[in-house]
Each structure stands twice: as C-alpha cells, then as structure tokens.
Amino acid sequence: MFSGDPKEYLTFWSIFSKIHDSEELTAIYKFQYLYQSMEPDSKAARLISNFPITAENYPKAVEQLKLRFGRENLLVQIYVRDLLSLVLKNATTAKYAPDLATLYDMLETKLTLKAVCT
C-alpha cells in the first residue's frame with residue numbers, strides 16, 4: 001500500500017513495477033491493481049482516484065504518480081537529509097549511539113537508497 005510518502009515511493013514502485021511491466025495484463029487490470037495499491041484516503045489515493053479507470057487513463061495516472069512522488073531530485077534531498085540527520089544524531093548522542101555494526105548498516109542503507117535515486 002502506498003500512502004504518498006516519498007520515502008516509500010521506491011519500495012512501492014519496485015514492487016508495483018512487476019505489474020506495470022507485465023505483458024499479460026491489460027491496462028484496465030493494471031489500473032485496478034494501482035488503484036487498490038493506494039492507502040485509502042491518502043494523498044496518493046486522492047491523486048489516482050481523480051482518473052476514471054480506463055485503459056487510456058492508466059499511463060496518465062502512472063505519469064502523475066511519478067511526477068508527484070517519484071521525482072529524483074526530491075528523493076535525493078530526502079535521503080541526503082536522512083543521512084545527515086543520522087550522522088548528526090550519532091555525533092550529539094554518542095552516549096546512546098548504536099554500536100558500530102548498526103551504524104554501518106544504517107549508513108549503508110541510506111547511501112544505497114541515495115545511489116538508487118541518482
């Protein structure tokens with residue numbers, strides 16, 4: 001389920017793209033899956049519900065979803081802020097800092113996500 005939180009977009013799209021890229025499904029079925037993948041009453045659901053479920057509207061809905069929540073520059077900014085926040089938090093709360101392995105895993109995750117965006 002996608003709520004419209006840009007931090008969740010890459011995970012959502014990596015899963016949904018299997019449906020999007022399927023040659024066995026019609027655009028109507030893809031649109032129905034897309035519609036059902038939206039968290040009810042979320043920003044994403046409101047965006048998608050503006051399009052009547054037709055084959056012609058499916059690519060338009062996907063494009064608007066990508067423009068609104070999957071913009072590369074926005075995602076890079078979000079992940080860089082997360083990375084900086086993690087580093088600052090670790091520097092200011094050294095007493096409660098995670099162990100080295102945990103810190104490494106958290107940094108690696110943030111850097112990997114940033115690399116995916118660029």
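This is a predicted model: local features need pLDDT of at least 70, side-chain atom pairs count only at pLDDT 80 or more; totals for chains, interfaces and linings use all residues.
**Entry 1: Lys 30 and its surroundings**

Setting aside neighbours within four places in sequence, I found Lys 30 in contact (heavy atoms within 4.5 Å) with Phe 16, Ile 19, His 20, Ser 22, Leu 25 and Tyr 58. Lys 30 belongs to helix α2.

Which side chain of opposite charge is nearest to Lys 30? That is Asp 21, 6.7 Å away. Lys 30 is buried and has no salt bridge. For my notes, buried means under 20% relative accessible area, exposed over 50%, and partly exposed in between (1.4 Å probe, protein chains only). A salt bridge needs a side-chain nitrogen of Lys or Arg within 4 Å of a carboxyl oxygen of Asp or Glu. Lys and Arg count as positive, Asp and Glu as negative, with His and the chain ends not counted.

**Entry 2: ground rules**

I number residues from 1 along each chain as its sequence is written, and side-chain values use heavy atoms, without hydrogens and water. Local features need pLDDT of at least 70 and side-chain atom pairs count only at pLDDT 80 or more, while totals for chains, interfaces and linings use all residues.

**Entry 3: a negative patch**

Next I turned to the surface, where Asp 5, Glu 8, Glu 39 and Asp 41 gather in a patch of negative charge. Patch members have over 30% relative accessible area and no salt bridge; like charges are joined within 9 Å, nonpolar side chains (Val, Leu, Ile, Met, Phe, Trp, Tyr) within 5 Å. The charge is placed at NZ of Lys, CZ of Arg, CG of Asp or CD of Glu.

Glu 39 sits in the loop between α2 (27-36) and α3 (43-49), and it counts as partly exposed because its relative accessibility is 37%. Asp 41 is in the loop between α2 and α3. With a relative accessible area of 70%, Asp 41 is exposed. I also noted its positive phi of about 60 degrees, although Asp 41 is not a glycine.

**Entry 4: a nonpolar patch**

Ile 28, Tyr 35 and Ile 53 make up a nonpolar surface patch, with about 240 Å² of accessible area together. I take these areas from the Shrake-Rupley method with a 1.4 Å probe; for residues, only the protein chains shown count as cover. Ile 28 is in helix α2 and, at 33% relative accessibility, is partly exposed.

**Entry 5: the whole chain**

I counted six helices and zero strands; helices (H or I, at least four residues) and strands (E, at least two) are DSSP runs, numbered from the N terminus. Buried residues are 31% of the 118 in the chain.
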